[in-house]
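Trainee: I would like to learn how to read single features in a model like this one. Please take them one at a time, with the general idea before the case.

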Amino acid sequence: MQTTETIQLEIGNAIPHGTEDETRRAVALWKEVDGWFSNRPFKVENPLNGAPESFNITLDAEPLITLMERIVNEAGSFDAWRLKHAQDETVPIHSRLNITVEVAEASETPYSRYHAAAVFIQTLLLGVNLSQPGACQFLQTRFAGKHAHRFEAQDFDSKAFYDGMQAARENGWPKMENLPFNQVWTWLEQVGVSEKNTVLKDINKVLVDMLKIAQQRYRYGARTAMLVANQLEMLMRCKRETDMTHLRERVILALGQPTEAADCFNELHRLREALFHGDHPVRRPALVYHDADEEVRQQLAQHNSGVEKAIAVVLALLQDLIEHRAETYRFSETLSRG
């Protein structure tokens, strides 16, 4: 006997940053996402007993798509709409996703179904932001529906990924693409990022750390800098923390020579060393201020430059792996005598 439950994710702030072109591409991407999840298999680990569980997921993203299409018609871009909202609270930035979770075993608990929905939301966030960095954010969230009062939804920001993409464009490196969502999701299924609650493979550690970065607001504190540096080391298989030169050489093999403006490796190394040894100033969590002037933004954006550039490298490396249907980079040293 099958059990089916529809879980609503209410999103108080669903509109990310984006220019006119980025906004149009985001709408097209979300339409692709909406059509992709129709009774689609989804595997997770039962958090109570560690057993694998199989669900079927159907996603209804029509309310979010409708709002995004309204933004295109009335404002042209997400950025213009966000500015209108900052000036007039009645301008909506809230929406919802409807997630239908189906499981064959009638004995499955509400906790199990909400856990599957939560892991799906996390994986969806990864998929959309790997397809078009910055195109998906879930802020001020809550669950609605049967049993919803028993569970808390999680918030995820997209701004770090958007800033990384902008840094790559402004500095001319690394090259980043907008990937088809079906290609990204197929790769996420291949690496099995949703299937374990405690991940062991390096690639899945990198992806889970992306979720942790998305939970940082503001995004460039000490924890984010450490996470991004660790991501690069895992992707490039450089376990010696002091060997930033070796890591840089391996990144160049994968992505090509960085421009001078984009070369963030020494900057990131100095920042991480200062943080590790306690030599760097520590800022308290900041008040999020949606229409702050430029001076306030600069004060809030501590660590921006090196971390933004490093996030761009992580995103570009992951996109490169996706395009090659690979899970890891392998490096070998050779010896020859002449």
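Mentor: Start with contacts, which here means heavy atoms within 4.5 Å. With residues up to four places away in sequence set aside, Lys 205 touches Val 199, Leu 200 and Met 234. Before going on, note that this is a predicted model, in which local features need pLDDT of at least 70 and side-chain atom pairs count only at pLDDT 80 or more, while totals for chains, interfaces and linings use all residues. Numbering runs from 1 along each chain as its sequence is written, and side-chain values use heavy atoms, with hydrogens and water left out.

Trainee: How many residues along the chain separate Lys 205 and Met 234, and what is the distance between their C-alpha atoms?

Mentor: Lys 205 and Met 234 are 29 residues apart along the chain, and their C-alpha atoms are separated by 8.2 Å. Lys 205 itself sits in helix α7 (residues 202–214). Helices (H or I, at least four residues) and strands (E, at least two) are DSSP runs, numbered from the N terminus.

Trainee: Which accessibility class does Lys 205 fall in?

Mentor: The classes rest on relative accessible area: buried is under 20%, exposed is over 50%, and partly exposed is in between, with a 1.4 Å probe and protein chains only. Lys 205 has 31%, and is therefore partly exposed.

Trainee: Is Ser 95 buried or exposed?

Mentor: Ser 95 is buried, because its relative accessible area is 9%. Ser 95 belongs to strand β4 (residues 95–103). Apart from neighbours within four places in sequence, Ser 95 is in contact with Leu 9, Glu 10, Ile 11, Ala 14, Pro 63, Leu 64 and Leu 67.

Trainee: What lies at 3.4 Å from a polar atom of the Ser 95 side chain?

Mentor: First the term: a polar contact is a pair of N or O atoms within 3.5 Å; within protein, one must be able to donate a hydrogen and the other to accept it, and residues adjacent in sequence count only if both atoms are side-chain atoms. At 3.4 Å from a polar atom of the Ser 95 side chain is the backbone oxygen of Pro 63. The backbone nitrogen of Leu 64 lies 3.1 Å from a polar atom of that Ser 95 side chain.

Trainee: Which side chains make polar contacts with the side chain of His 17?

Mentor: The side chain of His 17 has a polar contact of 3.3 Å with that of Asp 79, and another of 3.2 Å with that of Arg 82. His 17 is placed in the loop between β1 (3–13) and α1 (20–36), and counts as partly exposed because its relative accessibility is 24%. Beyond four places in sequence, its contacts are Phe 78, Asp 79, Arg 82, Gly 134, Lys 159 and Tyr 162. From His 17 to Ala 80 there are 63 residues in sequence and 9.1 Å in space, C-alpha to C-alpha.

Trainee: Which backbone values deserve a second look?

Mentor: Most residues other than glycine have a negative phi, and most peptide bonds are trans. Gln 140, not a glycine, has a positive phi of about 55°, and lies in strand β5 (residues 139–144). Arg 237 also has a positive phi of about 55° without being a glycine; Arg 237 is in the loop between α8 (222–236) and α9 (244–255). Trp 173 and Pro 174 are joined by a cis peptide bond, with omega at about -5°. Pro 174 lies in the loop between α5 (159–171) and α6 (181–191).

Trainee: How compact is the protein chain?

Mentor: The protein chain has twelve helices and five strands. Its radius of gyration is 21 Å, close to the 20 Å that the globule rule gives for 338 residues, so the chain is as compact as a globular protein of that length. That radius is taken over C-alpha atoms, and the rule is 2.2 Å times the number of residues to the power 0.38. Of the 338 residues, 52% count as buried.
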